[in-house]
Amino acid sequence: MPATRPKSFCTESREQRNSVSAMWHTSDGDLEQSHPLGWSLFTSIMTASHGVVTYAAPLPLRVVLETTCESCLMKILIADKFEAAGIEELKKLADEVTCEPELKEAALTQRVAEYEPSVLIVRSTKVKADTLAAGKQLKVIIRAGSGYDTIDIAGAQERGIKVANCPGMNAVAVAELAMGHLINLDRRISDNVADLRAHKWDKKVYSKARGLKNSTLGIVGVGRIGTEIAKRALAFEMNVLFYDIVPDLQPVDHPKCKRATLDTLFRESDYITLHVPGTGDTKHLINAERLAMMKPQACIINTSRATIIDEAALITALKEGTIRAAAVDLYENQPPADGKEINSPLADVPNLYGTHHIGASTQQAQLAVAEETVRIVREFAGSGNVLNCVNE
Ligand SMILES: NC(=O)c1ccc[n+]([C@@H]2O[C@H](COP(=O)([O-])OP(=O)(O)OC[C@H]3O[C@@H](n4cnc5c(N)ncnc54)[C@H](O)[C@@H]3O)[C@@H](O)[C@H]2O)c1
């Protein structure tokens with residue numbers, strides 16, 4: 001049985017809500033009779049609930065009130081892969097839940113139009129204006145992750161649809177991937193392995209790593225992920241320089257963790273890692289001019305969004321050797337999650353180490369995101385409030 005609904009969840013008029021029927025059940029559960037019930041009796045019995053509600057009348061009768069108001073139903077459409085445990089929890093909260101991970105673009109819009117969900121949950125699936133327009137009952141979109149640049153926030157705002165995210169739930173996962181890239185850039189583990197698989201042995205070439213201790217790591221953006229990186233880099237005894245548009249942020253209180261301007265960070269760092277959101281303000285924040293400030297042996301890591309680095313400028317810097325190497329997890333021309341091929345010029349650059357957009361993809365992170373999504377739905381079902389709302 002779904003949880004009781006807040007009045008705010010129902011957008012129907014009072015007259016429409018009058019279409020409530022009452023069914024008298026005997027104590028052994030048999031239906032005796034049923035007839036329409038007026039608004040005043042309805043509200044006197046059921047003050048705060050919609051949906052199917054049981055009212056314990058003096059025995060032997062039990063009264064079941066059933067509203068016919070469609071918009072009182074909480075229907076959840078999950079249009080991406082989602083933890084099975086999370087789906088089970090959502091079923092306890094909602095009237096209906098369907099998980100259809102393959103829905104994208106026009107198929108998503110069509111499904112939203114016919115299913116009429118009140119809550120839409122997505123991970124990488126894009127939610128554009130067409131889908132928003134089709135969602136006549138849509139009240140909340142939950143991005144089961146931290147970045148929400150895949151959702152038309154302005155369009156949702158216009159239609160009064162709240163958008164929520166799950167900030168910080170995958171911060172450690174992304175930080176761990178960035179640290180993996182950092183070590184790989186120093187020791188070239190992936191090249192070692194590729195050569196070994198080809199039965200090649202080159203101890204001489206692979207013995208030239210510098211080591212990370214006392215090297216300088218520049219962190220651009222010290223929110224949740226950047227802070228986790230700073231902690232780990234300090235554990236590696238690195239020096240940390242950081243830059244963030246928020247002036248008074250201090251990710252870790254440590255003498256080796258210092259604020260710098262963006263230019264200083266680019267000039268002085270041996271490794272640079274990017275952890276800012278993909279917005280209009282951060283588009284090509286890292287361009288040819290900024291890449292030219294880097295030391296020739298320095299490397300850059302991008303596990304945030306492809307748009308933050310000018311990809312063509314990065315390829316030029318890597319090919320001309322003005323920087324030593326780069327590692328990325330995202331690509332301008334990225335295949336869909338179930339794609340089998342990537343058509344990106346970055347794939348042809350030998351000193352570019354790319355992963356397959358796996359930053360948030362650990363079991364720990366996916367479970368944490370699912371739990372947070374359930375928490376948002378539970379709160380919405382109970383009070384009508386939208387936690388972590390990004391467009392209030
Ligand atoms: N690779 C992946 O799979 C993956 C997974 C999760 C998140 N991400 C990306 O990582 C980004 C960061 O995530 P987070 O949880 O740390 O976000 P966050 O909001 O906690 O931190 C972002 C930080 O960037 C700062 N910032 C914003 N604009 C800036 C600018 N122009 N210059 C400097 N600093 C700026 C903010 O002040 C904030 O401190 C997300 O927006 C997302 O794009 C990628």
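Helices (DSSP runs of H or I, at least four residues) and strands (DSSP runs of E, at least two) are numbered here from the N terminus. Welcome to the tour! This is a predicted model, in which local features need pLDDT of at least 70 and side-chain atom pairs count only at pLDDT 80 or more, while totals for chains, interfaces and linings use all residues. To find your way, count residues from 1 along each chain as its sequence is written.

**The whole chain**

Of its 392 residues, 37% count as buried; that is, 20 or more other C-beta atoms lie within 10 Å of their own, against 12 or fewer for exposed residues and a count in between for partly exposed ones, with C-beta atoms placed from the backbone.

**A pair of helices**

Now show helix 3 (residues 84-93) and helix 14 (residues 363-383), whose axes come within 9 Å and cross at roughly 5°. The axes are lines fitted to C-alpha atoms over the stretch in contact, with angles from 0 to 180 degrees between N-to-C directions. The two helices are therefore roughly parallel to each other, a label for angles under 35 degrees. From helix 3, Ala-85, Gly-86, Glu-89, Leu-90 and Leu-93 meet Ala-370, Thr-373, Val-374, Val-377, Arg-378 and Ala-381 in helix 14, where contact puts C-beta atoms, placed from the backbone, within 7 Å. These residues divide into seven nonpolar, two polar and two charged.

**Two loop residues**

Go to Glu-237, in the loop between helix 10 and strand 11 (239-243). Its phi is near 60°, a positive value in a residue other than glycine. Glu-237 counts as exposed, with 12 C-beta neighbours inside 10 Å.

Finish at His-357, in the loop between strand 16 (352-354) and helix 14. His-357 is not a glycine, yet has a positive phi of about 50°. With 18 other C-beta atoms within 10 Å, His-357 is partly exposed.

Terms used: Angles under 35 degrees count as roughly parallel, over 145 as roughly antiparallel, 65 to 115 as roughly perpendicular and the rest as oblique. Two residues are in contact if their C-beta atoms, placed from the backbone, lie within 7 Å. Ala, Val, Leu, Ile, Met, Phe, Trp, Tyr, Cys and Pro count as nonpolar, Asp, Glu, Lys and Arg as charged, and the others, Gly among them, as polar.
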